[in-house]
Amino acid sequence: MEYSKNFDKVKNYYNTIINGERLWNVARVRNAVVKGWITEEEYNEITGEDY
């Protein structure tokens, strides 16, 4: 599978935990789909939730 240009960046932001909280929450990853940074399928892969 070929990923979007920003897939690795968004995944890293979502998976980075500082002081017990994610750098990017699910809402922010969802917004990345709205803005066209990643696809719905990539959202599912990153968060483990259906878009």
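Glu42 has a relative accessibility of 1% and therefore counts as buried (under 20% relative accessible area; exposed is over 50%, partly exposed in between; 1.4 Å probe, protein chains only). Glu42 sits in helix H3. The model is predicted: local features need pLDDT of at least 70, side-chain atom pairs count only at pLDDT 80 or more, and totals for chains, interfaces and linings use all residues. Residues are numbered from 1 along each chain as its sequence is written, and side-chain values use heavy atoms, with hydrogens and water left out.

**Overall fold**

- The protein chain has three helices and two strands. Helices (H or I, at least four residues) and strands (E, at least two) are DSSP runs, numbered from the N terminus.
- Along the sequence, the pattern is α-β-β-α-α.
- A compact globule of 51 residues would have a radius of gyration near 10 Å, and the chain agrees, with 10 Å. The radius is taken over C-alpha atoms, and the globule rule is 2.2 Å times the number of residues to the power 0.38.
- The C-alpha trace spans about 30 × 20 × 20 Å along its principal axes.
- Buried residues make up 25% of the 51 in the chain.
- Of the contacts (heavy atoms within 4.5 Å) with a separation of 6 or more, 38% join residues 24 or more positions apart.
- The chain exposes about 3,700 Å², and carbon and sulfur atoms supply 42% of that area. Accessible areas come from the Shrake-Rupley method with a 1.4 Å probe; for residues, only the protein chains shown count as cover.

**Nonpolar core**

- The largest nonpolar core has 10 residues: Phe7, Val10, Tyr14, Trp24, Val29, Ala32, Val33, Ile38, Tyr43 and Ile46. Such a core is a set of buried Ala, Val, Leu, Ile, Met, Phe, Trp, Tyr and Cys residues joined through side-chain atoms within 4.5 Å.
- H1, H2 and H3 each supply at least two residues of this core.
- Val29 is in contact with Val10, Tyr14, Trp24, Ile38, Tyr43, Ile46 and Thr47, leaving aside neighbours within four places in sequence.

**Helix H1 (7–15)**

- Phe7, Val10 and Tyr14 are the buried residues of H1.
- Seen down the axis of H1, these residues fall within an arc of 75°, so they line one face of the helix. The arc is that of the directions from the helix axis to the C-beta atoms.
- The buried residues of H1 pack against strand S2 (21–22), H2 and H3.

**Helix H2 (26–34)**

- The buried residues here are Val29, Ala32 and Val33.
- Down the axis of H2, they fall within an arc of 105°, so they too line one face of the helix.
- Exposed Ala27 and Val34 are on the face of H2 turned away from its buried side.
- The cover over the buried residues of H2 includes helix H1 and helix H3 (40–47).
- Asn25 caps the N-terminal end of H2, with a side-chain oxygen 3.2 Å from the backbone nitrogen of Ala27.
- Gly36 follows H2 and has a positive phi, near 85°.

**Strands and their loop**

- Arg22 lies in strand S2. With 38% relative accessibility, Arg22 counts as partly exposed.
- Beyond its neighbours within four places in sequence, Arg22 is in contact with Tyr14, Asn15, Thr16 and Ile17.
- A polar atom of the Arg22 side chain lies 2.8 Å from the backbone oxygen of Tyr14. A polar contact is a pair of N or O atoms within 3.5 Å; within protein, one must be able to donate a hydrogen and the other to accept it, and residues adjacent in sequence count only if both atoms are side-chain atoms.
- Arg22 and Asn12 are 10 residues apart in sequence and 10.0 Å apart in space, C-alpha to C-alpha.
- Asn19 is in the loop between strand S1 (17–18) and S2. Its phi is positive, about 55°, although Asn19 is not a glycine.
- Asn19 is exposed, with a relative accessible area of 78%.

- Glu42 touches Met1, Glu2, Tyr3, Ser4 and Phe7, not counting residues up to four places away in sequence.
- Glu42 and Asn12 are 30 residues apart in sequence and 13 Å apart in space, C-alpha to C-alpha.
- Asn6 is in the segment before H1. At 12% relative accessibility, Asn6 counts as buried.
- Asn6 touches Trp37 and Ile38, not counting residues up to four places away in sequence.
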